[in-house]
Amino acid sequence: MNASEPSAPEPTPEEDAALRRLYADFDTENLLPLWTQLGDLMPMHPKPSARAHVWSWKTLYPLAQRAGDLVPVGRGGERRAIALANPGLGGRPFATPTLWAAIQYLGPQETAPEHRHTQNAFRFVVEGEGVWTVVDGDPVAMRRGDFLLTPGWHFHSHHNTTDRPMAWIDGLDIPFAHYTDSTFFEFGADEVTDRSTPSASRSERLWAYPGLRPLSALGSLPNSPIAAYRWEHTDRALDEQLALEDEGHAVTVEPGHAAVRYTNPTTGGDVMPTIRAEFHRLRAGAETTTRREVGSSVFQVFSGEGALVLDGVEHRMAQGDLAVVPSWTALKIQAESRFDLFRFSDTPIFDGLHQARVTVGEDTE
């Protein structure tokens with residue numbers, strides 16, 4: 001309490017006894033008074049229970065391999081996916097209060113059966129190839145650097161056409177859907193519905209041309225219709241930003257820091273209503289300005305070495321490593337070599353609620 005504010009008088013014994021009876025009656029009726037909860041319910045700035053945390057790919061991948069030897073894929077478990085459980089969230093399989101992240105592992109010649117769910121999902125491939133995901137009957141190749149969408153309530157399955165295992169990361173809005181009691185799930189076919197292996201999916205053939213869209217589909221869609229955002233396009237876009245910076249053009253978000261956002265070509269907005277996805281490339285030796293933002297995010301290192309400094313604590317990271325950045329955590333990225341990072345976040349939720357907020361600078365609170 002501020003010293004200039006008047007203090008409340010001490011209650012008399014009669015008043016104290018009456019207050020105790022009042023609080024006991026509140027408990028009986030499952031009531032809680034705001035005046036005893038205000039600091040927890042309305043803090044001066046976000047106080048996330050999720051913790052900043054890093055998972056090493058060198059640890060995750062061997063564990064996924066062991067699961068591949070011991071745990072079959074099929075009805076019941078559905079997917080051999082191992083969720084990142086944030087140490088601040090009480091053992092729940094959530095990376096943040098709104099985001100789910102996991103390493104999924106599919107063995108040689110294995111098939112993950114078809115299903116669909118209302119949760120929005122994507123896949124990002126940090127290494128390997130040879131798996132096709134089939135989304136509503138459309139076969140989509142999965143290769144290193146590709147960002148692949150499975151929006152809510154789309155049937156999907158996976159099959160590995162090779163004699164080598166493959167792993168990737170899954171990102172979903174499972175915690176958000178779980179919290180809002182809005183989840184539905186439905187089994188599909190036991191096998192994939194199309195085992196062909198085209199180099200480009202039908203969705204890419206129709207939609208994946210810069211600045212162009214088919215006249216047969218001019219309406220706005222809640223999710224991007226592009227099933228796969230290919231690495232060669234992402235890589236070229238980032239390289240060209242840095243090349244233009246070298247030529248004296250102010251096109252990067254910060255010196256030595258190129259970045260792109262994956263977008264829905266029918267709206268210009270995010271690829272899905274609850275998930276934002278971006279790719280960041282830093283030159284060797286570059287670092288970002290410290291920033292805080294409402295909402296949480298997950299980073300995965302695609303290549304290179306560097307560090308994420310989270311609330312002043314440096315976390316060194318290399319290829320495949322994953323880091324969780326809780327809401328309002330101070331974040332700075334430092335690159336030792338050229339540092340490529342994939343990022344996904346829950347920012348569209350807070351944009352929609354008009355609660356998004358960002359501050360930039362070392363001393364922001």
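Before I turn to the chain, one convention on residue classes: Ala, Val, Leu, Ile, Met, Phe, Trp, Tyr, Cys and Pro count as nonpolar, Asp, Glu, Lys and Arg as charged, and the others, Gly among them, as polar. What I am showing is a predicted model, in which local features need pLDDT of at least 70 and side-chain atom pairs count only at pLDDT 80 or more, while totals for chains, interfaces and linings use all residues. Residues are numbered from 1 along each chain as its sequence is written, and side-chain values use heavy atoms, with hydrogens and water left out.

Let me begin with the chain as a whole. Of its 365 residues, 48% count as buried, where buried means under 20% relative accessible area, computed with a 1.4 Å probe on protein chains only. The secondary structure comes to seven helices and 22 strands, taken as DSSP runs numbered from the N terminus, with helices being H or I of at least four residues and strands E of at least two. Along the principal axes, the C-alpha atoms fill a box of roughly 80 × 55 × 45 Å. Among contacts with a separation of 6 or more, residues 24 or more positions apart account for 75%, a contact being heavy atoms within 4.5 Å.

Next, the sheet. Six strands form an open sheet in the order S1-S19-S16-S21-S14-S13, with antiparallel pairing; two strands pair if DSSP finds at least two bridges between them. Strand S1 (53–55) and S13 stand at the edges with a single partner strand each, so one side of each is left without a neighbour in the sheet. From one strand to the next, the twist averages 20 degrees, with axes as lines fitted to C-alpha atoms, for helices over the stretch in contact, and angles running from 0 to 180 degrees between N-to-C directions. S13 and strand S14 (residues 276–282) run antiparallel and are joined by five bridges, and Ala258 stands opposite Arg281 in S14. Helix H6 packs on this sheet, touching S13, S14, strand S16 (297–303) and strand S21 (339–345), and its direction makes about 140 degrees with that of S13.

Now the open spaces. On a 1 Å grid over the protein atoms alone, a cavity is a set of points where a 1.4 Å probe fits but cannot get out, and a pocket is an open set with protein on both sides within 12 Å along at least five of seven lines; lining residues have an atom within 4 Å of a point. Grid points are joined across faces, edges and corners, and a volume is the space filled by probe spheres set on the points.

The largest pocket holds about 990 Å³, and of its 34 lining residues the closest to the centre are Pro46, Pro97, Val294, Ser327 and Phe350. Helices H2 (38–41), H4 (174–179) and H7 (347–352) are the elements that give two or more residues to this lining, and H4 provides the largest share, four residues. By class, there are 18 nonpolar, 10 polar and six charged residues.

The second largest pocket has a volume of about 600 Å³ and is lined by 25 residues, with Ala208, Pro210, Ile226, Tyr229 and His233 nearest its centre. H6, the helix that packs on the sheet, gives the most to this lining, with four residues.

Strand S15 (residues 291–293) gives the most to its lining, with three residues.

Conventions. Buried < 20%, exposed > 50% of the residue type's maximum accessible area, 1.4 Å probe, protein only.
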